[in-house]
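Me: I would like to learn how to read this model feature by feature. Please give the general idea each time, then the case here.

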Amino acid sequence: MRTLVKLVSMFWALIVADSASAHAFLDHAQPPVGSTLHSAPARVELWFSQDLELAFSTLRVVDGAGKQVDERDKSVSDRDKTQMTVSLPPLPPGKYRVYWRVLSVDTHVTEGDFTFELAP
C-alpha cells in the first residue's frame, strides 16, 4: 500500500510540474524591458516560452496618457509561433507601456506589462 501511495504522489507531482511549465511566459522583448532608447523603434517584438494562438492574444502599446499608439496590427510570426509583433508609428520622446495577454497553444493564458522610454 505504501508503494502505491508513493507512486500516486509522484504521478501527481509530475502532472503539477508539467502544467506549471506549460504557460507562455515572456522570454525577451525588443525594445528590452525597462530600456531607454535614443531612436524610436518601428515595432515591439515579444518572444514567449510557448507557441501562441494569435486570435486569443493581445498586444498594445500606450503612451504616458494611456492612449494606444501602436498600429493595431499584432501578428505572430509564421516562422516562430512564440514571437508576437505590433508596428509603431514614429513616436515622440516619452515613456511607453507595453501590455500583453497571450493564450498558448495548450490553452493557458498569461499577461503582463513593461515600460520603455524614448529619450529626446
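Me: Which residue in β6 does Val 44 stand opposite?

Reply: Strands of a sheet pair through backbone hydrogen bonds, either parallel or antiparallel. In this predicted model, Val 44 stands opposite Val 86 in β6. Strands here are DSSP runs of E with at least two residues, helices are runs of H or I with at least four, and both are numbered from the N terminus. Two strands pair if DSSP finds at least two bridges between them. Strand β3 (residues 43–48) and strand β6 (residues 83–87) are joined by 5 bridges and pair in the antiparallel sense.

Me: What is the order of the strands in the open sheet?

Reply: The open sheet has 4 strands in the order β1-β3-β6-β5, with antiparallel pairing. Its edge strands, β1 (26–30) and β5 (75–76), each pair on one side only.

Me: What should I know about numbering and cut-offs before going on?

Reply: Residues are numbered from 1 along each chain as its sequence is written. As the model is predicted, local features need pLDDT of at least 70 and side-chain atom pairs count only at pLDDT 80 or more, while totals for chains, interfaces and linings use all residues, and side-chain values use heavy atoms, with hydrogens and water left out.

Me: How many aromatic pairs does a search of the whole structure find?

Reply: A pair of aromatic rings is described by the distance of the centres and the angle of the planes. Rings of Phe, Tyr and Trp (its six-membered ring) pair if their centres lie within 6.5 Å; planes under 30 degrees apart count as stacked, over 60 as edge-to-face and the rest as tilted. The search finds 2 such pairs. For Phe 48 and Trp 100 the ring centres are 5.0 Å apart and the planes stand at 70°, so this pair is edge-to-face. Phe 48 is in strand β3 and Trp 100 in strand β7 (residues 94–103), so to speak distant parts of the chain, 52 residues apart, linked by the pair. Both Phe 48 and Trp 100 are buried, a term that means under 20% relative accessible area, with exposed over 50% and partly exposed in between (1.4 Å probe, protein chains only).

Me: Is the pair of Tyr 96 and Phe 116 stacked or edge-to-face?

Reply: The ring centres of Tyr 96 and Phe 116 lie 5.6 Å apart with planes at 25°, so the pair is stacked. Tyr 96 belongs to strand β7 and Phe 116 to strand β8 (residues 109–118), so parts 20 residues apart in sequence are tied together. Tyr 96 is buried at a relative accessible area of 4%, and Phe 116 is buried at 1%.

Me: Which residue lies over the face of Tyr 99?

Reply: A charge sits over a ring if NZ of Lys or CZ of Arg is within 6 Å of the ring centre and within 35 degrees of the ring normal. Here Arg 60 lies over the face of Tyr 99, at 4.6 Å from the ring centre.

Me: How many bridges pair β7 with β8?

Reply: β7 and β8 pair in the antiparallel sense over 10 bridges. Trp 100 has Gly 112 as its bridge partner in β8. The two strands form a hairpin with 5 residues between them, and Thr 107 in the turn has a positive phi of about 80°. Thr 107 is exposed, with a relative accessible area of 61%. His 108, also found in the loop between β7 and β8, is partly exposed at 24%. β7 also has an antiparallel partner in β4, through 5 bridges, where Val 62 stands opposite Arg 97 in β7.

Me: Where is the cis peptide bond?

Reply: The cis peptide bond joins Gln 30 and Pro 31, with omega about 5°. Pro 31 is placed in the loop between β1 and β2 (36–37).

Me: What is the mean pLDDT of the protein chain?

Reply: pLDDT is the predictor's confidence in each residue, from 0 to 100. The chain has a mean of 87, and 82% of its residues reach 70 or more. Over residues 4–20 the pLDDT is below 50, and beyond near neighbours in sequence this stretch has 2 contacts in the model, a contact being heavy atoms within 4.5 Å. Where pLDDT is low, the predicted coordinates should not be read in detail.
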